[in-house]
Amino acid sequence: MQLNHWRQRLRLGKRLIPGFISAFIFGLLFLGSALKPIEHLAYRFLFLLRGEQEWDSRIVLIAIDDPSLQVLGRFPWPREFYSQLLQTLMAGRPNVVAFSLLWSEPGADDPELVEMLEKHGQIIVATAWDAQGNPITPVLSLQQAALGVGHVMKAVDEDGTVRSLSPWLGETPALGLAATGVYRQTPPQSILPPSSNPVWINWPGSSETLTQYSFADVLAGNIPATAFKDKIVLVGATAIGLDPLLMPYRRSASDSGVYLHAAMIHNLLQQNFLKPWGWQAVPMLIACAPLLHWFLLQQSVRSQFRTIILMAGGWVILGIGCFKLGIWIPLVMPIAIILGTSVLTLSAERLRENYLLKAEIAQRHKIETELRYNLCHDDLTGLLNRR
């Protein structure tokens, strides 16, 4: 009785082997980040499916674009252009102006620019670090004349897209965080406390939908001063090749890093950063592959297909719905676990059924052969009988 009990357990254990194989395979894929490129594609797919949203109307970009380069000459420009820009902007009384430009080398026109920075009073200048970790700080006189400093560093993923941003690097806030703090007249620490954790950018829309004006047009007085009243004004390079950036709404590198800072300001004003959820639970989902395999074994073939479709389709719908609410859950790995485990389950069951069927056919053939032999031979001597 006990022997039969252990045989049944052994038989059940053998049937669960495909589930453990599935968990092992997807565990290796997870450790090797093999599905990460597909997850990156899903990230872009979710943004495209969600659709573009309106940029916050309080953000205005003054773009150093290709037409401006044609009018004002090759980049980098002399500081006098920025002094003239601030002189023009002061008529429109913008709340804050943030320069996404690195002024690390002294220039002959620095005294004039220092005077304009002090006169305006609410200017944020940029800082960064090079590949070796050396700081690229603004010229000291410009830094002292500005109200604050913000870093313009960005973390580019393997596919070239920027998905997150460090709000603090040491004691230096990001450019967008520093500008938002000045706009709200509160210290950046009260908006986002210093932390090494990145924030995930919830891209509102494509670059074309952001309110922006050409640097040359603003300098020429072609833009009314009222366009900048009580705004957060970003000044940055958008000309092709100066500061390339990939955004999820477009796969060409025709966008630039200044849109990243605009997106962060938008998220800070709207309080709608993207919230990754459930990514730490992916190993637990992988460990559940044997349970999914066992669950499918209890169902008929038709029920198995229905269950697979409902689970995979339901997860896709859940992922899309969460993304519309600003929550980003893993999409590719859970669906891969469902489909991969299901394929292994169905394949193993088909192989098992084929094996049992062949064994049954062989057994029947053996019995038929024995019956035919016994019919034509004597039981005692084994000689042919009359038949």
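This is a short tour of a predicted model, stop by stop, with something to select at each one.

**Stop 1: helix α2**

Start by selecting residues 17-31, which make up helix α2. After α2 comes Ser-33, and its phi is positive, near 55 degrees.

**Stop 2**

Go to Gln-185, in the loop between α8 (175-184) and α9 (188-191). Its phi is positive, near 55 degrees, and it isn't a glycine. Is Gln-185 buried or exposed? Its relative accessibility is 68%, over the 50% cut-off, so Gln-185 counts as exposed.

Next, pick Gln-271, in the loop between α11 (258-270) and β14 (275-276). Gln-271 also has a positive phi, about 55 degrees, and at 51% relative accessibility it counts as exposed.

For a peptide bond to look at, zoom in on Phe-75 and Pro-76: the bond joining them is cis, with omega about 5 degrees. Pro-76 sits in the loop between α4 (66-72) and α5 (80-90).

**Stop 2: Asp-255**

Select Asp-255 in strand β13 (residues 250-256). This residue has a relative accessible area of 4%, so it is buried. Which side chain does it meet in a polar contact of 2.6 Å? Show Ser-207 and you'll have the partner. Leaving aside neighbours within four places in sequence, Asp-255 is also in contact with other residues, including Asp-243, Pro-244, Leu-245 and Met-247.

**Stop 4**

In soluble globular proteins, nonpolar side chains tend to be buried together. The largest nonpolar core here has 61 residues; select Leu-177, Leu-192, Ile-201, Trp-203, Leu-234 and Met-264, which touch the most other members. Helix α11 gives the largest share of this core, nine residues. Centre on Ile-201 and look for the residues it touches beyond four places in sequence, among them Tyr-43, Phe-47, Leu-260, Met-264 and Phe-273.

Terms used. Residues are numbered from 1 along each chain as its sequence is written. This is a predicted model: local features need pLDDT of at least 70, side-chain atom pairs count only at pLDDT 80 or more; totals for chains, interfaces and linings use all residues. Side-chain values use heavy atoms; hydrogens and water are left out. Helices (H or I, at least four residues) and strands (E, at least two) are DSSP runs, numbered from the N terminus. The expected span of a helix is 1.5 Å times one less than its number of residues. Buried means under 20% relative accessible area, exposed over 50%, partly exposed in between (1.4 Å probe, protein chains only). A polar contact is a pair of N or O atoms within 3.5 Å; within protein, one must be able to donate a hydrogen and the other to accept it, and residues adjacent in sequence count only if both atoms are side-chain atoms. Contact means heavy atoms within 4.5 Å. A nonpolar core is a set of buried Ala, Val, Leu, Ile, Met, Phe, Trp, Tyr and Cys residues joined through side-chain atoms within 4.5 Å.
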